[in-house]
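The following exercises concern a single protein chain. Work through each task with the sequence and the structure at hand before reading its solution.

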Amino acid sequence: MSISTRNDQSAEPMPKRFATKKPRHPPDKMGIYRGYESKRGGYYLHVTIRRNGIVYQKYFMEKRCGGEENTLTLARAWRDTIITKHPPMLMAQFCAIVRANNTSGVPGVYRAVRRKVAKNGQVWTSVYWQARTPLVDGKLRIQNFSVRTYGEDAARQCAIDARLRGLRELDDLVFRADSQPLPVSTVDDLAVLEASLQLAAQRRQRRHEERLNKISER
């Protein structure tokens with residue numbers, strides 16, 4: 001198992017096999033990190049997944065979960081339930097975000113001014129509306145529409161139309177698809193996770209009841 005290790009500040013020194021540079025996670029292990037902390041009871045797996053600006057995370061203690069491999073199975077199953085319930089952001093959703101430097105109110109469309117100084121000192125000014133659209137291969141398509149050529153309103157509308165045409169090419173494409181985790185858990189893995197979560201809930205309930213009993217006995 002190749003899980004990268006993230007050391008907490010309070011963590012004890014890690015064995016040599018964990019002191020290597022963090023590798024790039026394969027898709028089936030993305031979002032899962034192995035660490036060690038004595039206060040947590042030893043080694044643990046930390047699962048952290050971001051979906052549409054929300055971070056979902058959970059810790060799995062190897063001592064409590066039955067060892068390293070069993071803990072990985074549980075951690076992956078929990079991660080897979082999260083990514084199933086909360087699909088990744090689509091390119092269309094990402095492109096709909098209005099940036100702070102936007103000047104048009106339309107995502108990906110900007111009014112820009114370019115100034116060029118000639119050798120004789122004369123300054124040339126070009127005003128244009130620009131459409132920026134991400135492409136399938138990860139590059140950016142930039143299209144400029146001159147205000148001098150089209151007029152202010154028409155240049156802006158041409159940029160908006162170009163942006164919308166570009167976005168139609170991105171239908172159903174996932175934002176940062178190459179960095180998305182791959183669900184690999186089986187039905188049995190999910191059943192084991194559910195049983196484990198129920199046991200954990202029962203333990204929390206017992207501890208809660210014990211605390212209440214101690215308070216009532218005082």
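**Exercise 1.** Among contacts in the protein between residues at least 6 apart in sequence, what percentage joins residues at least 24 apart?

*Solution.* This is a predicted model, in which local features need pLDDT of at least 70, side-chain atom pairs count only at pLDDT 80 or more, and totals for chains, interfaces and linings use all residues. Residues are numbered from 1 along each chain as its sequence is written, and side-chain values use heavy atoms, with hydrogens and water left out. Contact means heavy atoms within 4.5 Å. Among contacts between residues at least 6 apart in sequence, 50% join residues at least 24 apart.

**Exercise 2.** Determine the order of the elements, then describe the sheet of order 4-5-6.

*Solution.* Step 1: helices (H or I, at least four residues) and strands (E, at least two) are DSSP runs, numbered from the N terminus. The protein has 6 helices and 6 strands, running β-β-β-α-α-α-β-β-β-α-α-α from the N terminus on.

Step 2: two strands pair if DSSP finds at least two bridges between them. The order 4-5-6 belongs to an open sheet of 3 strands with antiparallel pairing. Strand 4 (109–117) and strand 6 (140–146) each have a single partner strand, so one side of each is left without a neighbour in the sheet.

Step 3: strand 4 and strand 5 (residues 123–134) run antiparallel and are joined by 9 bridges. Arg-115 has Thr-125, in strand 5, as its bridge partner.

Step 4: helix 5 (residues 152–168) packs on the sheet and touches strand 4, strand 5 and strand 6. The direction of helix 5 makes about 25 degrees with that of strand 5, where axes are lines fitted to C-alpha atoms, for helices over the stretch in contact, and angles run from 0 to 180 degrees between N-to-C directions.

**Exercise 3.** Against which elements do the buried residues of helix 2 pack?

*Solution.* Step 1: buried means under 20% relative accessible area, exposed over 50%, and partly exposed in between (1.4 Å probe, protein chains only). Of the 218 residues of the protein, 32% count as buried.

Step 2: the buried residues of helix 2 include Leu-72, Trp-78, Asp-80 and Ile-83.

Step 3: these buried residues pack against strand 1 (32–37), strand 2 (42–51), strand 3 (54–61), helix 1 (62–65) and helix 6 (187–217).
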